[in-house]
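Subject: Handover of a structure

Dear colleague,

Please find below the structure that I am passing on to you.

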Amino acid sequence: MAVFQTNFSDDIAVPYAGSPGNGELSNDISLHLEGSTACAFGRPVYRGTADKGATLTVSANLRGFALRQQGLVETSDRPADSYAPGDTMAVRERGTIYVTTAVTVTDGQQVYVTDAGAVTNVSTDNTAATGWFFDQTITAAGRVMIARR
């Protein structure tokens, strides 16, 4: 019998934004992306105007974070690693998910969202992602797991 692979990396691949953090209890829902802006994987999404609608406009009505979807074709409306306007997208309401942050964060800190939709630990002039906390510590900008349990 042929041997297909004999060497394996000692390191686990770095997860992509929007990847599930682990296998612990979670809840994922499907929402329809409203508006004219693509939604990057791992970005927070909020209650839209239609039934099962979602918008990127930051408000107190957080629905969750956009889960990564493999197999979406890149188009002029859909940049790589994102949902296009009108797509039905998977949204993680509860559980763990990887997001991108531009700041240093510490395990246990509250997650906040800037008006531009960026994830941060800074409360000043930002909106709390109620119930979501950083589940890892990172010392520079990058991907980090957040959790809502």
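The protein chain has an accessible surface of about 8,600 Å², and carbon and sulfur atoms hold 49% of that area. Accessible areas come from the Shrake-Rupley method with a 1.4 Å probe, and for residues only the protein chains shown count as cover. Please note that this is a predicted model, in which local features need pLDDT of at least 70 and side-chain atom pairs count only at pLDDT 80 or more, while totals for chains, interfaces and linings use all residues. Residues are numbered from 1 along each chain as its sequence is written, and side-chain values use heavy atoms, with hydrogens and water left out.

Overall fold

The protein chain contains 11 strands and 0 helices; both are DSSP runs numbered from the N terminus, with at least two residues (E) for a strand and at least four (H or I) for a helix. The radius of gyration is 16 Å, close to the 15 Å that the globule rule gives for 149 residues, so the protein chain is as compact as a globular protein of that length. That radius is taken over C-alpha atoms, and the globule rule is 2.2 Å times the number of residues to the power 0.38. Along the principal axes, the C-alpha atoms fill a box of roughly 60 × 35 × 30 Å.

Of the 149 residues, 38% are buried (buried means under 20% relative accessible area, exposed over 50%, and partly exposed in between, with a 1.4 Å probe and protein chains only). Among contacts with a separation of 6 or more, 60% join residues 24 or more positions apart, where contact means heavy atoms within 4.5 Å.

The largest pocket

The largest pocket has a volume of about 160 Å³. Of its 14 lining residues, G42, R43, T100, G117 and A118 are the closest to the centre. A pocket here is an open set of points on a 1 Å grid over the protein atoms alone, where a 1.4 Å probe fits, with protein on both sides within 12 Å along at least five of seven lines; lining residues have an atom within 4 Å of a point. Grid points are joined across faces, edges and corners, and the volume is the space filled by probe spheres set on the points. Strand β7 (residues 88–101) supplies the largest share of the lining, 3 residues.

Individual residues

R63 belongs to strand β5 (residues 62–66) and is buried, at 15% relative accessible area. Beyond its neighbours within four places in sequence, R63 is in contact with residues including I29, L31, Y46 and E93.

E34 sits in the loop between β1 (27–33) and β2 (39–40), and it too is buried, at 17%.

T114 is in the loop between β8 (110–113) and β9 (119–120).

Two residues stand out for their backbone angles. Most residues other than glycine have a negative phi. K52, however, has a positive phi near 60°; it lies in the loop between β3 (44–47) and β4 (53–55) and is exposed, at 55% relative accessibility. D125 likewise has a positive phi, of about 60°. Its place is the loop between β9 and β10 (127–134), where D125 is exposed with a relative accessible area of 71%.

With kind regards
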